[in-house]
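Keep the sequence and the 3D view open while reading.

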Amino acid sequence: MTADPVVSREPPPQVQDSFEAYRSADDPEGSICKLAIIITCFNYSQFIRRAVESVLSQKCRQCQILVIDDGSTDGSWEVIRGLGVRAFRLANGGQRKACLFGLEQTQAPFVLFLDADDELLPEALEVIIGNLDDGVAKLQFPLKRIDGDGNVISGPIPELQAFRGRELAGRVLRTGVYATPPTSGNVFRRDVCELLKDADYDRAVDGIILFAAPFIGDVVSLPQPLGLYRVHDRNDSGFGDELNTQALHRDLQRFVARTEHLRRILPGYGYRSGLVSTEHAYFYRERRFYLAVAEGERISFASLSGLVGRLWRDKNPLRMKVSMTLFFTAVSLLPRDRARKALAYRLGAGTRSTRGLIRALT
């Protein structure tokens, strides 16, 4: 693993050629690294060391690590400076801009955007490297959930089957989404990451590149968990014990903007039609339902039936169709305060069960 000098630059610098920075220090041939791990950090001083060390400890000769401090004010930069990795400090501009800056600092053909509060498991990089080749647009793997102290609180998310191919493209066309790991559970080919440059509607990177990748190349799906996803009170998802209507609004806005972005670029990959309309997508209807519950609106029969109808028309597992139909119906009939509690439980972290839902309502 290359250890490069720290660079502090504020405001964000002009991108410069940094070819020597991603050569392996112990490789006499000076070959280009195959995988860059880009860690962006904003006020995660208590977690950033563990994230970096989870990468460095694997001593991957084909990997490079870069840390981008996105204008932290909590001492994160001081921690990063002591880790002996190549690092940059930028004025705060959001995850997407920080990741794009990191991308410009490397020519590695594959990139993993590791969140500063997450970690990779031992030997993860060896497994990842062994499954990457020029035909892969995205590699995905599950993450175990951990709490702020590092204790495992649930099994792998999401549960993935092993496969390689472009079958997810069909699901995206039908629904606009597919089950995907959080940001830290994905590796992207460099050309896929370039799509982030036009995603100025989004501050995050877990958007357009996830859903465009199946149209650009093969998706490799690994069933074994290779990382840890930390759940704490400052997760950007905004979902916890209490409902966050702002996060729900943001989810809807991102989905609309991302779907339209996808609709614009698909013809360039040979897909000229067939993408579901935004308003008819199950994800859109589901989030609209959640938002109505969160804001205390009365759920109409037409809204409920439209959501359930979309659920059953999509190719979802029968068990999911039944359980979600029961959940949507129950939430529609519950008093507003209990409906909100049920929804908060549904969107919260950790393993969910019928017993857990009943406890959440009491």
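This is a predicted model: local features need pLDDT of at least 70, side-chain atom pairs count only at pLDDT 80 or more; totals for chains, interfaces and linings use all residues.

## A cis peptide bond

Pro158 sits in the loop that runs between β9 (152-157) and β10 (163-165). The peptide bond leading from Ile157 into Pro158 is cis, and its omega is near -20°.

## Two residues with positive phi

Lys59 is not a glycine, yet its phi is positive, at about 45°. Its place is the loop between α1 (48-56) and β3 (63-70). With a relative accessible area of 65%, Lys59 lies above the 50% cut-off, so it counts as exposed.

Glu123 belongs to the loop between β6 (119-120) and α4 (124-129). Its relative accessible area is 57%, and Glu123 is therefore exposed.

## Cysteines

How many disulfides does a search of the whole structure find? The search finds one. This disulfide links Cys60 with Cys63, and the distance from S to S is 2.3 Å. The angle about the S-S bond is 55°, and the link between Cys60 and Cys63 is right-handed. Cys60 and Cys63 are both buried.

Cys99 has a relative accessibility of 1%, so it counts as buried. Cys41 is buried too, with a relative accessible area of 1%.

## The chain as a whole

The protein chain contains 13 helices and 13 strands. It has 362 residues, and 54% of them count as buried.

Contacts can also be sorted by how far apart the partners are in sequence. Among contacts in the protein chain with a separation of 6 or more, 74% are between residues 24 or more positions apart.

## Helices α7 and α8

Two packed helices are described by the angle between their axes and by the distance between the axes. For helix α7 (residues 208-216) and helix α8 (residues 245-265), the angle is about 30° and the axes are 10 Å apart. Because angles under 35 degrees count as roughly parallel, α7 is roughly parallel to α8. The crossing of α7 past α8 is right-handed.

Which residues meet where α7 and α8 pack? From α7 come Ile208, Phe211 and Ala212, and from α8 come Arg258, His261, Leu262 and Ile265. Sorted by class, the contact of α7 with α8 has five nonpolar residues, one polar residue and one charged residue. An α-helix has 3.6 residues a turn, so residues three or four places apart point the same way. Helix α7 is mostly covered, with nine of its nine residues buried. The buried residues of α7 include Ile209, Leu210, Pro214 and Phe215.

## Helices α11 and α12

Helix α11 (residues 318-333) and helix α12 (residues 336-347) cross at roughly 150°, and their axes come within 9 Å. Is α11 roughly parallel or roughly antiparallel to α12? Angles over 145 degrees count as roughly antiparallel, and α11 is therefore roughly antiparallel to α12.

On the α11 side, the contact is made by Met324, Phe327 and Val331. On the α12 side, it is made by Ala339, Ala342, Leu343 and Arg346. The residues in the contact of α11 with α12 divide into six nonpolar, no polar and one charged.

## Ile299

Val331, one of the α11 residues in that contact, is 32 residues from Ile299 in sequence, while their C-alpha atoms are 8.9 Å apart in space. Ile299 is located in the loop between α9 (282-294) and α10 (301-313).

Is Ile299 buried or exposed? Its relative accessible area is 14%, which is under the 20% cut-off, so Ile299 is buried. Setting aside neighbours within four places in sequence, Ile299 is in contact with Phe289, Ala292, Val293, Leu304 and Ser332.

How values were computed: Residues are numbered from 1 along each chain as its sequence is written. Side-chain values use heavy atoms; hydrogens and water are left out. Axes are lines fitted to C-alpha atoms, for helices over the stretch in contact, and angles run from 0 to 180 degrees between N-to-C directions. Helices (H or I, at least four residues) and strands (E, at least two) are DSSP runs, numbered from the N terminus. Angles under 35 degrees count as roughly parallel, over 145 as roughly antiparallel, 65 to 115 as roughly perpendicular and the rest as oblique. A crossing is left-handed if the near helix is turned anticlockwise from the far one by less than a right angle, and right-handed if clockwise. Contact means heavy atoms within 4.5 Å. Ala, Val, Leu, Ile, Met, Phe, Trp, Tyr, Cys and Pro count as nonpolar, Asp, Glu, Lys and Arg as charged, and the others, Gly among them, as polar. Buried means under 20% relative accessible area, exposed over 50%, partly exposed in between (1.4 Å probe, protein chains only). A disulfide is a pair of cysteine sulfur atoms within 2.5 Å.
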